[in-house]
Amino acid sequence: MTAYEQLDAWIDAHFDEQVAFLQELIRVPTDTPPGNNTPHALRTAELLQAFGMQAEQHAPPQAAVDAAGLQSITNLIVRRQYGSGKTIALNAHGDVVPPGDGWTHPPYGGEIADGKIYGRAAAVSKCDFSTFTFAVRALEAVAKPQTGSVELHFTYDEEFGGDVGPGWLLEQGITKPDLMIAAGFSYQVVVAHNGCLQMEVTVHGEMSHAAIPDSGTDALQGAVHIMNALYARNAEYKKIRSQVEGITHPYLNIGLINGGTNTNVIPGKVVFKLDRRMIPEEDSGAVEQEMRDVIAAAAASYNPPRGSKGIRVDVRRMLLANAMKPLAGNQPLVNALQKHGSAVFGENIPALGTPLYTDVRLYVERGIPGVIYGAGPRTVLESNAKRADENLVLEDLRRATKVVARSLADLLSA
């Protein structure tokens, strides 16, 4: 039996234990918002302790957590040192979007049916708490590495930008890995991803009685005028094509609108939030300025009904996540994951980009080569990630764990 086959055999022998570990992780909610995520970190640390893994607990200052729009965060680092040499970090995030409606399986049940495990974060990305933990356990039980080290980074604010998760850990010098792998899906190695700009736009008018609408200024009509100008940009964005395989073009979405006080009142204020995805070739500063210019021009061109005043607009940046661009040093990661992914899955595992944005950029921006790989389907849609009945095929979890364990064995012996 080869060394790789021995790793595979250990993972097979402990797979029921791995699935049970993932079920426990799913059963502790981490809805973000509101972002009360420390209870999950404490439970994770408890579960890791049972495996002989001591998890350091790193809580950012509460003021920073509050500023990020969250309630509580405790980030975890498990350090496994084998000798001198490179440090490889494995990062997955525990925070999730709220479950919403339409579930046929309990969102925090971790139920298993038809070869799948169901629950919020089953696919993104509590599954890779499990993938990475059991890959390291297999590595230590079988390969017994003598050089380098591995760190597990389990963090809790990816949904809100990562600044008090990996961003804070790196900024404080709490961790300084040489290479990193972040939670992803099994059928591709992701080497680049889109950036994301999120902005809150507040349109101020003047509230008035609906029976005499010209006595006020309808903030909703003004907001619609601005939103139409923003959406018109999508036609132009489709003409811009990224050169990164797997990434298409920039695009813009308005995902949340609030305003008004009652049905019979002209709205005096409307707030909407936009999401602008940026391809790796774009400059985030220029994109933000373009958004502000489009909004200002649309507000200036809005013509309220005769007798009404104009509108006033405030714009606030909520999130700016830069795109991830490949670093030259990521090739050992790509080579190992593609080699073992192809062997374990029996098909070519391409290296490409994704339209999502992730915490990996926070490592890459600091010169740490990183890629995205973990347990999951070919596409986000297949797993219902961030939708009702999110799920993960258990066989993908098993095989991705084998790929990561084999890859770590190669990387630490190189």
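Guide: The model is predicted. Helix H7, residues 219-237, lies across strands S9, S11, S13 and S14, and runs at about 170° to S11. Helix H8, residues 284-301, also packs on the sheet. Its contacts are with S9, S11, S13 and S14, and its direction makes about 160° with that of S14.

The sheet under discussion is open and has four strands, in the order S11-S13-S9-S14, with antiparallel pairing. Strand S11 (251-259) and strand S14 (312-321) are the edge strands, each pairing on one side only. From one strand to the next, the twist averages 20°.

Strand S9 covers residues 195-204 and is joined to S14 by nine bridges, the two running antiparallel. Within this pairing, Gln198 stands opposite Leu319 in S14.

Asp275 is located in strand S13, which spans residues 269-278. Asp275 has a relative accessible area of 14%, so it counts as buried, the cut-off being under 20%. Once neighbours within four places in sequence are set aside, Asp275 is in contact with Cys196, Leu197 and Gln198, and also with Tyr251, Leu252 and Asn253.

Methods:
Residues numbered from 1 in each chain as written. Predicted model: local features only at pLDDT ≥ 70, side-chain atom pairs only at ≥ 80, totals over all residues. Heavy atoms only, no water. Pairing = 2+ DSSP bridges. Axes fitted to C-alpha atoms, helices over the stretch in contact; angles between N-to-C directions. Contact = heavy atoms within 4.5 Å. Buried < 20%, exposed > 50% of the residue type's maximum accessible area, 1.4 Å probe, protein only.
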